[in-house]
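Visitor: I am new to this structure. Please take one part and walk me through it closely.

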Amino acid sequence: MKSSLQPGLSAETTFSVERERTIDFMGEAARVYATPMLVRDLEIACRNLLLAHLDPGEDSVGTRVEIDHIGATLLGMQVTLSVRVASVDGRAVVFEVEGRDPVEPIVRGKHARFVVDVAKTGQRLAAKAAKARGG
């Protein structure tokens with residue numbers, strides 16, 4: 001990790017809520033931004049902020065998500081997600097996250113990520129796969 005990874009770093013990302021980001025189980029009139037997709041988008045926003053402050057061969061994995069999805073965003077609306085590094089403790093990074101659509105706030109909470117060495121993580125996963133196969 002680079003020394004530039006410090007609390008206070010922040011980033012925003014804006015996008016339109018497309019059909020694949022919405023729920024479908026309440027009919028077309030109720031196609032709103034799905035919570036699992038919101039979590040995915042928050043993870044991506046946090047990871048993207050981290051990438052500029054990691055060394056070659058490093059990446060991050062999510063370890064905790066704690067959000068309140070407080071507003072329904074309609075299909076086609078714009079969303080702006082804001083993420084800010086709240087703390088850095090070794091390889092553990094905690095973000096404060098929030099988001100809004102043009103009408104109201106839609107999410108607030110925290111997300112934790114852990115910085116990993118990609119090669120070492122690959123080795124650990126391969127060893128786990130071998131154990132799962134019985135070998």
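**A threonine in a loop**

Guide: Start with Thr22, which sits in the loop between strand E1 (10–16) and H1. Keep in mind that this is a predicted model. Is Thr22 buried or exposed? Its relative accessibility is 11%. Buried means under 20%, so Thr22 counts as buried.

Now look at the polar atoms. A polar atom of the Thr22 side chain lies 2.6 Å from the backbone oxygen of Arg19. The side chain of Thr22 also makes a polar contact of 2.8 Å with the side chain of Arg31.

Next, the surroundings. Leaving out residues up to four places away in sequence, Thr22 touches Val17, Arg31, Val32, Tyr33, Ala34 and Leu75. Two of these names lead further.

Take Tyr33. The largest nonpolar core has 21 residues, and Tyr33 is among those that touch the most other members. Val79, Leu81, Val83, Val93 and Phe95 are the others in that group. Helix H1 (35–51), strand E3 (78–89), strand E4 (92–100) and strand E5 (105–117) each give two or more residues to this core. H1 gives the most, with six residues.

Beyond its neighbours within four places in sequence, Val79 is in contact with residues including Val17, Tyr33 and Ile106. Thr22 touches both Val17 and Tyr33 as well.

Finally, charge. The model has nine salt bridges. One of them joins the side chains of Arg91 and Glu58, at 3.4 Å from N to O. Arg91 lies in the loop between E3 and E4 and Glu58 in strand E2 (residues 58–69), so this pair ties together parts 33 residues apart in sequence. Glu58 is buried, at 13% relative accessible area. Arg91 is partly exposed, at 36%.

Methods:
Residues are numbered from 1 along each chain as its sequence is written. This is a predicted model: local features need pLDDT of at least 70, side-chain atom pairs count only at pLDDT 80 or more; totals for chains, interfaces and linings use all residues. Side-chain values use heavy atoms; hydrogens and water are left out. A nonpolar core is a set of buried Ala, Val, Leu, Ile, Met, Phe, Trp, Tyr and Cys residues joined through side-chain atoms within 4.5 Å. Buried means under 20% relative accessible area, exposed over 50%, partly exposed in between (1.4 Å probe, protein chains only). Helices (H or I, at least four residues) and strands (E, at least two) are DSSP runs, numbered from the N terminus. Contact means heavy atoms within 4.5 Å. A polar contact is a pair of N or O atoms within 3.5 Å; within protein, one must be able to donate a hydrogen and the other to accept it, and residues adjacent in sequence count only if both atoms are side-chain atoms. A salt bridge is a side-chain nitrogen of Lys or Arg within 4 Å of a carboxyl oxygen of Asp or Glu.
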